[in-house]
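Reader: Could you walk me through this one? I am new to it and would like to go slowly.

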Amino acid sequence: LSQSFLSCHSQTDTKARQNTGANLSDMAKAADVFLQTLSEKQKTKIQFGFNEEERYNWNYVPRSRKGVSLNEMTDKQIRYAFALLKTALSDTGFNKTNSIIQLENVLRAVENRPANDTHRDPGNYSFSIFGNPASDAIWGWRLEGHHVAFNFSSEDNHLVSGTPGFLGSNPAVVLSGPEKGKYILKDEAELGFALLHS
């Protein structure tokens with residue numbers, strides 16, 4: 001098991017926020033476009049007020065979650081959901097996140113679960129949106145599932161928080177099968193061990 005906690009402290013000073021270069025207009029647009037692809041029932045499930053307790057209810061273990069899961073989305077909706085994710089992460093971060101999600105298929109095989117098992121399922125990752133990205137000055141969103149937890153908050157189209165965040169990898173290294181040798185968080189693990197050994 002490899003894991004990495006991600007943190008970025010809030011920047012409340014306006015000048016500091018302007019200097020970060022983090023302009024969330026693209027993120028807000030992507031979130032709004034994603035929302036427009038959802039049915040009214042899905043919108044009811046995915047949207048929460050920014051100050052609701054649900055925003056603080058985060059975890060990275062397999063469990064039941066609120067929001068709308070990938071399993072509940074059409075292919076088009078999934079494309080727009082991941083387009084939103086791409087506005088928040090580097091290409092490397094996005095690829096690692098997607099690889100972690102796909103490891104559910106490896107775990108399903110390792111644990112000898114049936115093909116239709118829903119405990120180890122790459123579709124069990126849920127999106128939630130807090131507030132209204134099209135109209136609210138303060139809003140946020142979350143992607144969460146097994147070993148993935150991203151929480152983003154913005155104010156006036158600037159990223160003010162990207163925490164709590166977590167990426168994990170189970171297995172840390174794939175030992176057999178078509179994905180043998182895959183080591184998603186290798187760089188992070190090596191840096192951690194270098195720090196430990198220093």
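Author: Let me begin with a definition: two strands pair if DSSP finds at least two bridges between them, and strands (E, at least two residues) and helices (H or I, at least four) are DSSP runs, numbered from the N terminus. This is a predicted model, in which local features need pLDDT of at least 70 and side-chain atom pairs count only at pLDDT 80 or more, while totals for chains, interfaces and linings use all residues. Residues are numbered from 1 along each chain as its sequence is written, and side-chain values use heavy atoms, with hydrogens and water left out.

Reader: OK, which residue in E5 is the bridge partner of Phe127?

Author: That partner is Leu143, and the two strands concerned, E4 (residues 126-130) and E5, pair in the antiparallel sense over five bridges. Leu143 also stands opposite Phe150 in E6, a strand covering residues 148-155 that runs antiparallel to E5 and is joined to E5 by eight bridges.

Reader: And what sits between E5 and E6 in the hairpin?

Author: Two residues lie between those strands, and in this hairpin His147 takes a positive phi near 70 degrees.

Reader: Is E5 mostly covered or mostly open?

Author: Strand E5, residues 138-145, is mostly covered, since seven of its eight residues are buried, where buried means under 20% relative accessible area, exposed over 50% and partly exposed in between, with a 1.4 Å probe and protein chains only.

Reader: Which residues have the most contacts inside the largest nonpolar core?

Author: They are Phe34, Leu85, Phe127, Trp141, Leu143, Val148 and Phe150, in a core of 34 residues; such a core is a set of buried Ala, Val, Leu, Ile, Met, Phe, Trp, Tyr and Cys residues joined through side-chain atoms within 4.5 Å. The largest share of this core, six residues, comes from H2.

Reader: Switching to helices, how do H2 and H4 pack?

Author: They pack at an angle of about 165 degrees, with their axes 9 Å apart, the axes being lines fitted to C-alpha atoms over the stretch in contact and angles running from 0 to 180 degrees between N-to-C directions. H2 and H4 are therefore roughly antiparallel to each other, because angles over 145 degrees count as roughly antiparallel, under 35 as roughly parallel, 65 to 115 as roughly perpendicular and the rest as oblique.

Reader: Last one: why does Ser128 count as buried?

Author: Ser128, which is found in strand E4, counts as buried because its relative accessibility is 1%.
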